[in-house]
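Here is a report for a first look at this structure. Keep the sequence and the 3D view open while you read.

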Amino acid sequence: MNSTSRRHRRTACTGLALALPLAALAACGGGSGGGDTSAAAGSGKGTISVWAHQGQKSEDTALQNAVKSFNSSQSGIKVELKLIPGNDYTKTITATDASKLPDVMEFDGPTMANFVYNKKLAPIDSYVSAKTMSNATAASKAQGEIGGKHYGLGMYDSGLGIYGNKKLLDAAGVKYPTSLSDDWTAAEFTAALKALKAKDSDGKSLDVQENNGFATEWGTYGFAPVVWSAGGSLIKDGKAEGALDAPAVVSAMKTFQSWKTYVDPNTDGNAFAKGRVALSWVGHWMYPAYSKALGSDLVVLPLPDFGDGPKTGQGSWAWGIGANSKNGKAAGAFLDGLLGDTNVTAMTTANGAPPATKTALAASPLYKKGGPLELFAEQLAKPCGDSDITKSCVAVTRPVTAGYPTITAKFGDALNSIYGGADPKSALAKAARAIDQDFSDNDGYKIQ
Amino acid sequence: MKTVEPAHSVPSRRPESPPVTSVTTTRAGRTRNRDWLHGLLMSTPAVAGLIAFVGIPFGYAVVLSFYNVRLGSPLAPRFFGLEQYRRLFTDPDVSGPFLRALLNNLTFAVVVVPVQTGLALALAILLNRKLKAIGLFRSLFFMPVVFPMTLVAVVWRLILARSDQGLLNSALHAVSFGNWGAFDWLGDGATAMASIIVLSVWQGVGFQMVILLAGLQQIPGELYEAAELDRATRRQQFRHVTLPGIRGTLVFVAMLTSVLSFRVFDQVYVLIHGGGLDEDAARTVMYQAVTTAFDQNNIGQASAITVVFFLIVVALTLIQRRVVRPDNED
Amino acid sequence: MATTRAPLRRAADYTVLGVLAFIFVLPVLYLLLGSLKPSDEVLNGLTGFLPTHLSFDNYAHVLEALDSDSTGYFWRFMGVSLLIAFVVVTGGLFVNSMAAYGMSRLKWRGREAVFTLVLLLMLVPFESVAVPLFYLFNDQRDTLYIQAIPFIANAFSVYQFHTFFRSIPPSIEEAARLDGAGPWRTFFAIIVPMSKPVFASVAILTFLTQWGSFLWPVLMVSDPSVRPLPLEMSVFQGQQPPDWGQILAFGVLLVLPVLIVFAFFQRWFVQGVASSAVKG
């Protein structure tokens, strides 16, 4: 559809909307960029627009530098970067019509399927070089793949675990795991909390980033591993009931709920760094601050095992090509540059994340063998994908489905209310019912 | 809560001013027949704007409530008939939160309207005196009004933080010599709504206070002098001079606060999503509508919530006006 | 009831007022002090309240975070907010007061019906129509005008003006008519100047509401060059761990223009209302 006819269509849509609302909605509603979502190849030259989320200042600077160096390294493509506040980023993309999206677009990993469903992302397979594609880690490729095509690759992945304060742990006589193979069970973890409480002035020795709020993506990212490690899952074969509210999951959530008495609300975010708590259940992003505060007293431990083996989260921001881009080739060239070693290393140095490219990961001082965050790399090296969760795999991808927004919203709500004291069985059952209802309302979110 | 009442409609002893029409036929005669045109012309821009940007979209929302519509979904909207409404009232997973939200809104209104209005009146009386720098004090009490509600929520989140680092908890700890420990003001179901009420009243009382202050200043001083001559006590003066004199303003202010109180949203959203506010105890109907629309992308359901809510508010407002009508010249 | 009081009484008054005002204003002080402290001291319980290590670092960081083409510029966000607020307020004062006058002081058939419609629309919260509006105007995203125009006509403002105008004695207009003035001139030359209090009150209320507007910009704006300021708050709120010092500093910057506007109008507002110019 060329642009003038699209413009006419736009005016017609507004007029239609005033006269016949539903007809307009059907013809003009949100995701209508045209049936075919492949981006046009274009000439490989010109100006391309890039959107990314505005996160930590260090990340933003790394990204801006990457753009600057790309622009100055060649004269055919000029990149214009726009940063959108991170908290509202996904909402903004959801609210933007596909035709107005940029050539290159960052997106939060789990939202990929939803954007493909809404025809906002184009497959990148034909535009990104084979070298880039093969250099991506398995986990990164899995996060961006649906229906046999790839829609995005990340500069970095994520790592989730429990940071420990060696001094405090030793003082309380707590035996903590040294690797994935001797991971502590949930019961052992509870015992550790009790032992730490005896030595802690306010009895609160655990931080779970309560200040972030659980009714947010942190809730799902940080605590879906509890569900997975108990043998359940957020959704199985398109149904949440039976998977999310399985008895083992309910009992795992009960255990989680019982830990609240040991949790420091951590409103100022400094509980672990200042030594108020001995354990912090959080992701890689806190490593820079924690290592600065604790130095050699910092240990990195796996999440407790609820029965089905240690499990952890995976996935983070990724880069894709807008469905209506006219310059797929140029967009792909930019992605190649962005995912090159220099930029990936700079970015992961800035945010402490595990690199999502094989070469950068191997060279990373933090994540290589013997490095301080080796555990995270080890976890990512045992990916489960999003549906086949076995006892031996560790890093689970959040469900790759267009209905993910509902799954994360309902799970977050359930987690929030469980943490607030609600009965886990009914909270999880409610969430499962709501998810199933939503899926049935949307015909299972099948991607057309 | 923001509301306003210009002083001029205060005195009930003032006869209602009828609209002006030219009845003379002399020099001014030629405008007589054209009043209707001028009235229409003057009203058109605002009314057209309201219809275009409020009326039509609301009608659209009503239509949407009969469909299963998703934000940005490629699926065509599917006619759902009354399904959204059925779910709203009978599906336990949907109606539970919705009815609880209605209850919360009601609780909020029933507490906030008298408390905020009463507090505003008390402050207005307190500030209605000729002290030097009284303007400064008035400004201080008005200051919170100037803060966007989202900012108010952020500041109060810190004050009410459940750790013993939170300002309120430490203050209580100090004042009670260590007997009162850290309490989860926002997260505890019993105090969650109260916390919202406190910060909402804090933000809104200043505006009402200024309006009531203006109303108080319209009461002629002679009435008080006459009352003093009659040896009326201060309480009697209050009951027989102040209250009647300010009645119109008071009723107006109370009514508007109650209408505005049904829109409570910003502070509830910010605090649930980032402050650990107990969702069940504090969710309001607008919170349900917005999260259903934008976090769950369920436009049809959100529209149904909105329509039902609008009808309830209209009904309540009508009842209020009927109850109040005999005394109110409104 | 404005009486003069004996000096002892006056001292007591000041004390009571002072204490009450102080308690009331504590959260504002907390905001201000918090913005001037290093972030990890903001939440130190009561001692978080005491001024130690005050500096403008947080403000510097806030401004630094918003200082490039890609992030947008702080002063530009501020400017966009001010511009939109200005348009909505002045447009609204003009359009809504005219409508209120037309409906309250001029007689024409259908007047009551139209006013009832306005009252009904006043009960519709913005959040209810945000989505339909979003669908209707989706092509106009990322413009300045779409952030302003839908808010110029405001039922609540019309209502406020209407209530005020109704209490003006008809003698004013009769006098004007006798002088040969038509309704338009009567309105602009006579009614408006004597309605300063309601104009000030509507202006303040509209400005405050518009300044804090958040939902509509989130839906309709992605381009930094037309983004208003409140949206940027989430830049600081999304950081982990939350940098409270910066968040509070941003809050202060957000509120500053509003405080200035209020300080300017306040004299008009409170004092002007007390004047009995119209009561005549």
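Angles under 35 degrees count as roughly parallel, over 145 as roughly antiparallel, 65 to 115 as roughly perpendicular, and the rest as oblique. Axes are lines fitted to C-alpha atoms, for helices over the stretch in contact, and angles run from 0 to 180 degrees between N-to-C directions. Helices (H or I, at least four residues) and strands (E, at least two) are DSSP runs, numbered from the N terminus.

α5(C) passes α8(C) in a left-handed crossing. A crossing is left-handed if the near helix is turned anticlockwise from the far one by less than a right angle, and right-handed if clockwise. From α5(C), Phe115(C), Val118(C), Leu119(C), Leu121(C) and Met122(C) meet Ala155(C), Phe156(C), Val158(C), Tyr159(C) and His162(C) of α8(C). Contact means heavy atoms within 4.5 Å. Nine of the residues in this contact are nonpolar, one is polar and none is charged. Ala, Val, Leu, Ile, Met, Phe, Trp, Tyr, Cys and Pro count as nonpolar, Asp, Glu, Lys and Arg as charged, and the others, Gly among them, as polar.

## A second pair in chain C

Helix α4 (residues 74–104) of chain C packs on helix α11 (residues 196–211) of chain C. The angle is about 140 degrees, and the axes are 9 Å apart. That makes α4(C) oblique to α11(C). The crossing of α4(C) past α11(C) is right-handed.

Residues of α4(C) in the contact include Met78(C), Leu82(C) and Val88(C). Among those of α11(C) are Phe199(C), Phe207(C) and Trp211(C). The contact has 12 nonpolar, four polar and no charged residues.

## Where chains B and C meet

Helix α1 (residues 35–64) of chain B packs on helix α6 (residues 126–136) of chain C at about 95 degrees, with axes 8 Å apart. α1(B) and α6(C) are therefore roughly perpendicular to each other.

Phe53(B), Pro57(B) and Tyr60(B) are among the α1(B) residues in this contact. Val129(C), Pro132(C) and Tyr135(C) are among those of α6(C). By class, 12 residues are nonpolar, one is polar and none is charged.

## Chain dimensions

Chain A has 18 helices and 14 strands. The C-alpha atoms of chain A fill a box of roughly 70 × 50 × 35 Å along the principal axes.

Chain C has 14 helices and two strands. A compact globule of 280 residues would have a radius near 19 Å, but chain C has 23 Å. Its C-alpha trace spans about 70 × 65 × 30 Å along the principal axes.

## Confidence

Chain B averages 81, with 88% of the residues scoring at least 70. Where pLDDT is low, the predicted coordinates should not be read in detail.

## Conventions

Residues are numbered from 1 along each chain as its sequence is written, and chains are lettered from A and ligands numbered from 1 in the order in which they are written. Local features need pLDDT of at least 70, side-chain atom pairs count only at pLDDT 80 or more, and totals for chains, interfaces and linings use all residues, while side-chain values use heavy atoms, with hydrogens and water left out.

Notes: The radius of gyration is taken over C-alpha atoms; the globule rule is 2.2 Å times the number of residues to the power 0.38. pLDDT is the predictor's confidence in each residue, from 0 to 100.
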